[in-house]
Amino acid sequence: MKNLGWGIKLQVFERAEYICCYCGIDTLVYEQLYGRRYAASIEHIIPRIKGGTDDLENLACACLCCNKGRRDRDINDFKRYLEERDNEMVSAQLRCQRRY
Ligand SMILES: [Zn+2]
């Protein structure tokens, strides 16, 4: 499995403005506040094992937390996981402030 170059990662992160494609947090802010768990990472929209490529169109920015959570869940399961996580997060407010 070849690793993606830093260049392409940066392109993906910058295109997404470091916003997680799943939970919508600003990973730059969250990483500062809550640590590596929320750092930006590369997510394959179609997983590589299912034939997804390393092309820009198949890559998205996701926080590590979502990236890990997504791994072996189907999409509904994953949504529930996000909701539960959201409830736990004191910081939901921060996200709202940023967005509106
Ligand atoms: Zn996320």
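A residue is termed buried if 20 or more other C-beta atoms lie within 10 Å of its own, exposed if 12 or fewer do, and partly exposed in between, with C-beta atoms placed from the backbone. The views below show a predicted model, in which local features need pLDDT of at least 70 and side-chain atom pairs count only at pLDDT 80 or more, whereas totals for chains, interfaces and linings use all residues. Residues are numbered from 1 along each chain as its sequence is written.

**View 1. Overall arrangement of the chain.** Five helices and two strands make up the secondary structure; helices (H or I, at least four residues) and strands (E, at least two) are DSSP runs numbered from the N terminus. Their order from the N terminus is α-α-β-β-α-α-α. The chain has 100 residues, of which 21% count as buried. Taking the contacts between residues at least 6 apart in sequence, 56% join residues at least 24 apart; a contact is defined by C-beta atoms, placed from the backbone, lying within 7 Å.

**View 2. The largest nonpolar core.** Such a core is a set of buried Ala, Val, Leu, Ile, Met, Phe, Trp, Tyr and Cys residues joined through C-beta atoms within 7 Å. The largest one has 16 residues, and those with the most contacts inside it are C20, C23, I25, C61, A62, C63 and C66. Strand 2 (59-63) and helix 3 (64-70) are the elements that give two or more residues to this core. The largest share, five residues, comes from strand 2.

**View 3. The surroundings of C20.** With residues up to four places away in sequence left out, C20 touches I25, T27, C61, A62, C63 and C66.

**View 4. I45 in the loop between the strands.** I45 lies between strand 1 (40-44) and strand 2. This isoleucine counts as exposed because 12 other C-beta atoms lie within 10 Å. Beyond its neighbours within four places in sequence, I45 is in contact with G52, N58 and A60. The C-alpha atoms of I45 and L59 are 5.9 Å apart, although the two residues are separated by 14 places in sequence.

View 5. E17 belongs to the loop between helix 1 (6-15) and helix 2 (27-34), and Y18 is found in the loop between helix 1 and helix 2. Although not a glycine, E17 has a positive phi of about 55°; Y18, also not a glycine, has a positive phi of about 65°. E17 counts as exposed because it has 10 C-beta neighbours inside 10 Å, whereas Y18, with 19 such neighbours inside 10 Å, counts as partly exposed.

Definitions and conventions: Contact = placed C-beta atoms within 7 Å.
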